[in-house]
Amino acid sequence: TIQLKPQLKEIRVKNLKISMPALSPDGQKIAFINFAPSKLPTVKEPLPGPSKGNLWLVDMAGDRLIKLSNRIILDDEPYVSWSPNSNSVAFGSKGEIWIVDVKTKKNIQIQKPNKKRIKAYPGYYENYFHSPTWCLKGEIIAIRNVNDIWLLNLPSKSFEKIYSPPEKFRGKTNIWSLPLIVWSNDCQKLAFDQLKL
């Protein structure tokens, strides 16, 4: 048996509520999202609208804080996913996939949603992507389009759909609670949940 001795390290960031923290592969940095509701709930509108947010970077000492992006809009699952070399972070925002360089803070938009709507989800477009997950080999990012799974090839910036759920699941998945896609270490397999309500 392997006996683990966990060591807890607490990193505090003043005046920011942290969501979706992601540790860089080199173990030196944490990327996270900070959200603020676009409007406060009222009696007539109890639920706030989509939240806008910022992508931040903090070092493990907790004394260096850098804003990487202010382009986050929480109307899907943005997620934060590191490149294997810890130089870039991928995130989703309003159906768009973005990659930001942590040194230059340059935000690169990979694609814009097209105007062809999905029949089962009239509010969403065919390439309305979210939940990026970077492969450990660095060339491919897995993403969701509502409940389909796609691969983004970074060198060619091309997209390929690799999975669509059976008809009995389509239109019945809770798109607000889709979990993260998980890669195997060799980038040959993907694991993900397919929920049926």
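Strands here are DSSP runs of E, at least two residues, numbered from the N terminus. Two strands pair if DSSP finds at least two bridges between them.

A word on the model. This is a predicted model, where local features need pLDDT of at least 70, side-chain atom pairs count only at pLDDT 80 or more, and totals for chains, interfaces and linings use all residues. Residues are numbered from 1 along each chain as its sequence is written, and side-chain values use heavy atoms, with hydrogens and water left out.

Back to the strands. β12 covers residues 140-145 and runs antiparallel to β13, with 6 bridges. Their hairpin has 2 residues between the strands, and valine 146 there takes a positive phi near 55 degrees. On to β14, residues 158-163: β13 pairs with β14 over 5 bridges, also antiparallel. Isoleucine 149 stands opposite tyrosine 163. That hairpin has 4 residues between the strands, and lysine 157 takes a positive phi near 55 degrees.

Is β13 mostly covered or mostly open? Covered: 5 of its 6 residues, 148-153, are buried. Buried means under 20% relative accessible area, exposed over 50%, partly exposed in between, with a 1.4 Å probe and protein chains only.

Next, histidine 130. It sits in strand β11, residues 130-134. Histidine 130 counts as buried because its relative accessibility is 2%. Its side chain makes a polar contact with the side chain of serine 131, at 2.9 Å. Such a contact is a pair of N or O atoms within 3.5 Å; within protein, one must be able to donate a hydrogen and the other to accept it, and residues adjacent in sequence count only if both atoms are side-chain atoms.

Now pockets. On a 1 Å grid over the protein atoms alone, a pocket is an open set of points where a 1.4 Å probe fits, with protein on both sides within 12 Å along at least five of seven lines; lining residues have an atom within 4 Å of a point. Volume is the space filled by probe spheres set on the points.

The largest pocket holds about 340 Å³. It has 20 lining residues, with Ser81, Trp82, Thr133, Trp134 and Leu180 closest to its centre. β1 gives the largest share, 4 residues.

The second largest pocket has about 180 Å³. It has 13 lining residues; among those nearest its centre are Ser88, Trp134 and Leu154. Strand β7, residues 96-101, gives the most, 3 residues.
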